[in-house]
Amino acid sequence: MNNQNEVERRARRYWYEDGFAEIGLGVLFGALGLVFALEASASSGAVRVAAVATLTLLVFLGTLAVRGAIKTSKERLTYPRTGYVAYRRDSSSRRTILAVLVIVGGTAIALGASAATPGRVLALQSLTVAAALLVPAYRLGLRRFYFLAAVAGVAGCAAVALGAGEISGSALVFGATGVASLLSGAWTLRSYLGQPGQADEREDHR
C-alpha cells in the first residue's frame with residue numbers, strides 16, 4: 001500500500017515538474033491583481049462595474065483558459081521530453097475545483113466584506129490563498145510552494161500594516177503571489193529544460 005501511495009505521489013509531482021502549473025497560476029493571479037488594482041484606482045462607477053464583471057470572467061473563463069494552455073504546453077514540450085502520465089480523471093477535477101474555490105473565495109471576501117473590518121478581510125483572504133498553496137507543498141513535498149504560501153501570507157500582513165482597503169489589499173495579495181508564482185515557474189522550467197530528456201521512459205499512471 002505504501003509503495004502504491006508513493007507511486008501515485010511521484011506521478012502527481014510530475015505535473016509540477018516543468019513549472020507550467022505555476023506559470024499558469026501566476027498569470028491568473030497576476031491578472032486578478034491587476035484588475036483589483038484598476039478597480040481600486042477607478043473613480044467612476046462604470047469602471048468599477050466593468051472591473052467586477054472582468055473579475056467574474058477571470059474566475060471562470062480564466063481558469064479554463066489557463067488549464068487548456070498548461071495542457072497544450074505539456075503536450076508540445078513536456079511529454080515528448082520525459083514521457084506522458086495519464087492522471088486519474090478525478091484528481092484532475094479536484095485540482096480545477098480547488099483552484100476555482102480559492103479564486104471565488106478570495107474574490108467574494110474582497111468584494112462582499114464589510115468595509116469596517118478591512119484587516120480581518122485581508123487576513124482571511126491571504127490565509128485562504130496560502131492554505132491552498134500549502135496543500136501541494138505538504139502532500140507532494142514541493143518545497144517551493146511553501147515559499148509561495150509565505151509570499152501570500154506576507155503580502156496579506158503588509159496590506160494590513162499599510163492600512164490598505166479590501167480592493168487595494170487584494171491587488172497586493174494576488175499580485176505579489178502571482179509574480180512569485182511566475183518567477184518560481186520560470187525557474188522550475190529553466191531547470192527542467194536543463195535536464196536530459198527521457199522520452200523513452202514513459203509512465204502510465206491510471
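This is a predicted model: local features need pLDDT of at least 70, side-chain atom pairs count only at pLDDT 80 or more; totals for chains, interfaces and linings use all residues.

Residues are numbered from 1 along each chain as its sequence is written, and side-chain values use heavy atoms, leaving out hydrogens and water.

**Helix pair.** Select helix H6 (residues 143-161) and helix H7 (residues 166-193), whose axes come within 8 Å and cross at roughly 160 degrees. Helices here are DSSP runs of H or I with at least four residues, numbered from the N terminus. Axes are lines fitted to C-alpha atoms over the stretch in contact, with angles from 0 to 180 degrees between N-to-C directions. H6 and H7 are therefore roughly antiparallel, a term for angles over 145 degrees. Next, display the contact (heavy atoms within 4.5 Å): among its residues are Phe 147 and Val 151 of H6 and Leu 172 and Val 173 of H7.

**Ile 167.** Remain in H7 and select Ile 167. Ile 167 is buried, at a relative accessible area of 15%; buried means under 20% (1.4 Å probe, protein chains only).

**Core.** Finally, select Tyr 16 and Phe 145, which touch the most other members of the 34-residue largest nonpolar core. Such a core is a set of buried Ala, Val, Leu, Ile, Met, Phe, Trp, Tyr and Cys residues joined through side-chain atoms within 4.5 Å. H2 gives the largest share, 7 residues.

Conventions:
Helices (H or I, at least four residues) and strands (E, at least two) are DSSP runs, numbered from the N terminus. Angles under 35 degrees count as roughly parallel, over 145 as roughly antiparallel, 65 to 115 as roughly perpendicular and the rest as oblique. Buried means under 20% relative accessible area, exposed over 50%, partly exposed in between (1.4 Å probe, protein chains only).
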